[in-house]
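Here are a few comments on the model you sent over. Have it open while you read.

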Amino acid sequence: MDSSKITFEYETAYELLVRLGADGLFLYTSLPTLNQVLELVPGKCYELDGDIGSGKTQICYSLAAKLLLTKKTAKIGWISAVPLRTDHLSQHFSSTDSDETSHLLDRIVCKRVEMVSELRDSLNALCETINMQLVIVENIDALLHDTAYDREMGRNVQIDISERLRRLTRSGITVMVTNHITHWRGYPAPALGNFWASQIENRFFVERRSEESNVRSVSTMRGGNEQTIRVDFEISDGGLKAIV
C-alpha cells in the first residue's frame, strides 16, 4: 500500500460516537426526519421559539413520549401555568394500551406554577428528583412576563432562573423551554427581550408555513456560518407526521 495516498480526517470523540450511531447519547422525538434538527444532548438547555399554534408543545409531547418509551426508569419534569394535557401527550405513545399508558404517565412529575417563586421551587425540586432526565418548561414568557418591563429587577430574576436551569444541566438533565416570539421590524425574536435570549445558546424556531396549511417547520443554526437546517412536519391525531 502506498502510504502517501492515505488521508486522515480530524474527528472529535463526540463526532466518532455520532458516526457510530450511539443513539443513547441523544434525546429524540418520535419522528426520525425531525431528529435531523432536534438532536438533543443530555445536560444542555434548549429553547423552542414560535407563535401560538406553531407546534412547540406538540414537539415537547413527542420528546417526552420517546424518552418514556425508550428509557424505562427515566422521569420527566413538566412545568407550566396550565395543566398538562395527558390526553394529547398519550397520542404520541402510538400503540400502547391504557395500563401501559398510565404507567408511562406516572413517570411525569408535573409542576403547575403561576409565580416566579413557584418556578424557583419547582426547578429546585426537580433537580433533586432521582432519575430525572428531561425538564420541560412550557411558555417561559408567561411565567416571566413581568421581567420584561422592569429592567433592573427583571434582569436579576432572569439571571436567577437561567442559573437554576444551568444547575439542572450540570446534573446531566436536558432542559427544553418553550417561548413565544415577538415581531420587531418584521423579524421574529424570542419574547422576554435580548438579555433572556442571550442566556440560552441553543434555539430552534418553529413556524406554521401558512394559515391555511397544517404544515409546520422547525429550524436551527448549527455553528457560526453554517446554513440553517429546516425540516417540515405535520400534526395528526397520532402525533407528529412526516411530510411525504
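This is a predicted model: local features need pLDDT of at least 70, side-chain atom pairs count only at pLDDT 80 or more; totals for chains, interfaces and linings use all residues.

1. Residues are numbered from 1 along each chain as its sequence is written, and side-chain values use heavy atoms, with hydrogens and water left out.

2. Take a look at strand β4 (residues 132-137); strands here are DSSP E runs of at least two residues and helices are H or I runs of at least four, numbered from the N terminus. Of its 6 residues, 5 are buried, so β4 is largely enclosed by the rest of the structure. Buried means under 20% relative accessible area, exposed over 50% and partly exposed in between, using a 1.4 Å probe and protein chains only.

3. β4 runs parallel to β2 (residues 75-80), joined by 5 bridges, and also parallel to β5 (residues 174-179), with 4 bridges. Pairing takes at least two DSSP bridges between the strands. Leu134 is the bridge partner of Ile76 and also has Thr174 as its partner in β5.

4. How many disulfides are there? The count is 0, taking a disulfide as two cysteine sulfur atoms within 2.5 Å. Cys45 is buried at 15% relative accessible area, and Cys127 is buried at 12%.

5. Ser54 sits in the loop between β1 (45-50) and α2 (56-70) and is buried, at 2% relative accessibility. Leaving out residues up to four places away in sequence, Ser54 touches Val206, Glu207, Arg208 and Arg216 (contact means heavy atoms within 4.5 Å).
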